[in-house]
Amino acid sequence: MPGTQRYLRYIVAALICLILLFFFTSSSSYQTPNWAGSRPQDVSSEHNNAQTPSDKGLPQAVAPGERMNATFVTLARNSDLWDIVKSIRHVEDRFNRKYNYDWVFLNDDDFNDEFKKVTTALVSGNTKYGKIPTEHWSFPDFIDQDRAAKVREEMKEKKIIYGDSISYRHMCRYESGFFFRHSLMLDYEWYWRVEPGIELYCDINYDAFKYMVDNKKKYSFVISLYEYVETIPTLWDATKNFTKHFPQHIAKDNSMRFISDDDGETYNHCHFWSNFEIGNLNWLRSDAYMDYFTSLDHAGGFFYERWGDAPVHSIAAALMLNKDEIHFFNDIAYYHVPFTHCPTGEAYRLEHKCHCNPKENFDWNSYSCTSRYFELNNIPKPQGYEKEQ
Ligand SMILES: Nc1nc2c(ncn2[C@@H]2O[C@H](COP(=O)(O)OP(=O)(O)OP(=O)(O)O)[C@@H](O)[C@H]2O)c(=O)[nH]1
Ligand SMILES: [Mg+2]
């Protein structure tokens, strides 16, 4: 009997060992292959369907209401692609994904397929691509090319920025007198200019174009500053020549005090920085503006000096529009190298998810002209501006 009992004990112990062995081996073989195998399987099935939850896209948060007859407009080369896509991303994320306005791209060359494909993918509105006619991007016949070449040499020696560039001069002349007449732009009444490499720092939760329409604005800015004097030595003489011949184009309630400290005798070099503009195309197409551009063009300073479109647009707006037709978009927080407009006032910045550093705001810097705009228009400066001076 004791022998039988011992056998039974051996059998029970062996059974227990077998059960334990089965339990351990089966649990590890259950976990390991499934853990290791399930994820690659899931991933590959996602790839097969080419659809992750985010691929399906979030519902579009499109703002209700009417749209203005407006477009974004960008002058660019194919080589600007990877800088303009950054700008588009900012504009879409902060504003246009809710409004879906069109975007016109202009170039003195043909845009290539890559440029068109990538920008079209990013813009929520329709995209249009235009080639600039050669006669809008070349030396007019009344320009003495030898004289222009000599000036470029001199400016190169003086190290004036873009002083030796022909294409920069064509660009400034084009932005001054032609972009609003391009056939693609004729469909629109309002434009918002966007350059490569800009940033928008705050949400824009209303239609800036509609603001312009509803408030009878014609031109707007976010940054103003003094122009580099060497690029425009005779621009003011040419302007005075224009005002003498076309006094009828000067607005009664103009902003002369923004651009001159001596009632028009001399130019103080203040201008609105035109790499950002929201404006009215019909104003630029008006006789008043066109007479100004034509008289400046014949004076030759786009080529014999290096007149920029910023002082040209600004002087025109200051003289030919009434004060209340020019708007400062304090709420459009903006960067174009090297200056930032970051709205003054913490409450606004927090509410609009701004990501600019208020210490970098240029508005109240001594090199900015924006204080003059506030004073001229009797607008109180925002609370806290002193701390940003
Ligand atoms: N198609 C075309 N576009 C140009 C040319 N030169 C400049 N642009 C565009 O004209 C606008 C102004 O040129 P920018 O080079 O930005 O001039 P800027 O703003 O004075 O100077 P930075 O931005 O500091 O270089 C931008 O939208 C450029 O993409 C050109 O030769 N051809
Ligand atoms: Mg630029």
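Lys353 is exposed, with a relative accessible area of 57%; in this report, buried means under 20% relative accessible area, exposed over 50%, and partly exposed in between, with a 1.4 Å probe and protein chains only. The model is predicted, so that local features need pLDDT of at least 70 and side-chain atom pairs count only at pLDDT 80 or more, while totals for chains, interfaces and linings use all residues. Residues are numbered from 1 along each chain as its sequence is written, chains are lettered from A and ligands numbered from 1 in the order in which they are written, and side-chain values use heavy atoms, with hydrogens and water left out.

**Two loop residues with positive phi**

Lys353 lies in the loop between helix 13 (346–351) and helix 14. Helices (H or I, at least four residues) and strands (E, at least two) are DSSP runs, numbered from the N terminus. Although Lys353 is not a glycine, its phi is positive, at about 55 degrees. Lys159 likewise has a positive phi, near 60 degrees, and is a residue other than glycine. Lys159 belongs to the loop between helix 4 and helix 5, and it is exposed, with a relative accessible area of 71%.

**The surroundings of ligand 1**

Which residues are the closest to ligand 1? They are Leu75, Asp108, Tyr162, Tyr168 and Glu195, and 14 residues surround the ligand altogether. A residue is counted as near a molecule if one of its heavy atoms lies within 4 Å of it. By class, this shell divides into seven nonpolar, three polar and four charged residues. Here Ala, Val, Leu, Ile, Met, Phe, Trp, Tyr, Cys and Pro count as nonpolar, Asp, Glu, Lys and Arg as charged, and the others, Gly among them, as polar. Helix 5 (residues 166–177) provides the largest share of the shell, namely three residues.

| Residue and atom | Atom of ligand 1 | Distance |
|---|---|---|
| Ala76, backbone N or O atom | nitrogen | 3.0 Å |
| Tyr162, side-chain N or O atom | oxygen | 2.4 Å |
| His336, polar side-chain atom | oxygen | 3.1 Å |

Taken alone, ligand 1 exposes 620 Å², and the protein buries 83% of that area. Accessible areas come from the Shrake-Rupley method with a 1.4 Å probe; for residues, only the protein chains shown count as cover. The space that ligand 1 takes is the largest pocket. On a 1 Å grid over the protein atoms alone, a pocket is an open set of points with protein on both sides within 12 Å along at least five of seven lines. A molecule sits in a pocket if more than half of its atoms lie within 2 Å of its grid points.

**A cis peptide bond**

Where is Pro338 placed? Pro338 lies in the loop between strand 11 (334–336) and strand 12 (339–341). The peptide bond that leads from Val337 to Pro338 is cis, with omega near 5 degrees.

**Buried and partly exposed residues**

Cys342 is found in the loop between strand 12 and helix 13. Its relative accessibility is 0%, so Cys342 counts as buried. Cys342 and Lys359 are 17 residues apart along the chain, and their C-alpha atoms are separated by 8.4 Å.

Ala317 has its place in helix 12 (residues 309–320). Why does Ala317 count as buried? Ala317 counts as buried because its relative accessibility is 0%. Between Ala317 and Ile250 there are 67 residues of separation in sequence, and the C-alpha to C-alpha distance is 9.8 Å.

Arg193 lies in strand 4 (residues 190–193) and counts as buried at 5% relative accessibility. Arg193 and Thr71 are 122 residues apart in sequence, yet 8.7 Å apart in space, C-alpha to C-alpha.

Ser371, in helix 14 (residues 370–376), is buried, with a relative accessible area of 18%. The side chains of Ser371 and Lys381 are joined by a polar contact of 3.4 Å.

Glu154 is part of helix 4 (residues 145–157) and is partly exposed, with a relative accessible area of 42%. Glu154 and Asp164 stand ten residues apart in sequence, and 8.1 Å separates them in space, C-alpha to C-alpha.

Technical notes
A polar contact is a pair of N or O atoms within 3.5 Å; within protein, one must be able to donate a hydrogen and the other to accept it, and residues adjacent in sequence count only if both atoms are side-chain atoms. On a 1 Å grid over the protein atoms alone, a cavity is a set of points where a 1.4 Å probe fits but cannot get out, and a pocket is an open set with protein on both sides within 12 Å along at least five of seven lines; lining residues have an atom within 4 Å of a point.
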